[in-house]
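Take a look at the model below and keep it in view while you read. We'll walk through it one spot at a time.

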Amino acid sequence: MKNSNTSPIPADSNSRLQAHDLSFSWAEKPVLQRIHLELHAGEMFGLLGPNGAGKTTLISLIAGLIQPASGEVRVMQHSALTAPDKARRNLGFVFQSVSLDRFMTVQQNLLFAAGLQGLNRQQTGYSLQHLCSLFPIADWLKKPVASLSGGQKRLVDIARAVIHQPKILILDEPTTALDVPSKNRVWDVLKRLQQQEHTTILVATHL
């Protein structure tokens with residue numbers, strides 16, 4: 001429940017993602033205390049901290065999956081607490097574990113994600129073509145995910161997260177367990193999304 005002593009975020013702000021005076025406790029133990037965050041178009045921000053620091057908790061609050069003890073989160077001016085569906089339409093998520101069906105092809109995974117996001121056939125075709133211009137995935141479309149390397153799976157996972165062209169991309173430990181060349185490819189793709197698509201990127205990592 002929102003703390004009545006917390007001032008609401010101004011509705012006329014041009015920020016894409018805002019957290020204001022955000023706090024969260026688990027079993028009466030504070031996990032996050034009075035977090036303030038404001039991100040704009042084309043901005044990349046890193047949440048740095050060891051495991052258990054509260055990074056994933058903050059992501060869950062932004063997604064509207066849990067309720068804060070106090071404070072407010074707004075995504076494209078939609079409250080994550082009172083309008084979570086509208087807020088989540090502007091978000092893309094990449095979780096620590098790859099969230100692809102390993103028995104489906106890359107293209108099937110992307111088509112399935114497009115369907116979940118409500119894209120029609122024309123929108124899906126455009127999105128697939130656009131993703132192939134941003135990601136090195138064109139030669140993998142007919143391959144089953146199980147046949148890809150760890151780095152290739154992660155790139156496809158990021159492509160899946162942005163198939164609906166979200167304004168904000170949130171990644172939780174996106175390069176864990178990847179070798180150095182694969183990590184570099186992931187960061188190259190993220191920079192391309194930031195610079196060419198003006199995607200706002202929030203990365204949680206302990207690195």
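Start in the loop between β7 and α6 (180-196), where you'll find Glu173. Glu173 isn't a glycine, yet its phi is positive, at about 50°. With a relative accessible area of 3%, Glu173 is buried. Keep in mind that this is a predicted model.

Now go to the loop between α5 (150-161) and β7 (168-172), where Gln165 sits. Gln165 is another residue other than glycine with a positive phi, near 55°. Its relative accessibility is 43%, so Gln165 counts as partly exposed.

How far can you trust the picture? The mean pLDDT of the protein is 92, and 94% of its residues reach 70 or more. Over residues 1-6, though, the pLDDT is below 50, and this stretch has 14 contacts in the model beyond near neighbours in sequence.

On to charges. Side chains of opposite charge can pair when their charged atoms come close. How many salt bridges does a search of the whole structure find? Six. In one of them, the side chains of Asp21 and Arg34 meet at 2.6 Å, N to O. Asp21 belongs to strand β1 and Arg34 to strand β2, so the pair ties together parts that are 13 residues apart in sequence. Asp21 is buried at 10% relative accessibility, whereas Arg34 is exposed at 58%.

Arg74 and Glu72 form a salt bridge too, at 3.1 Å. Arg74 is buried at 18%, and Glu72 is buried at 8%. Within helix α2, Arg88 and Asp85 lie three residues apart, about one turn of the helix, and their side chains meet in a salt bridge at 3.2 Å. Finally, Arg154, Asp157 and Arg160 are linked in a network of salt bridges.

Conventions: Residues numbered from 1 in each chain as written. Predicted model: local features only at pLDDT ≥ 70, side-chain atom pairs only at ≥ 80, totals over all residues. Heavy atoms only, no water. Helix = DSSP H or I, 4+ residues; strand = E, 2+ residues; numbered from the N terminus. Buried < 20%, exposed > 50% of the residue type's maximum accessible area, 1.4 Å probe, protein only. pLDDT = per-residue confidence, 0-100. Contact = heavy atoms within 4.5 Å. Salt bridge = Lys/Arg side-chain N within 4 Å of Asp/Glu carboxyl O.
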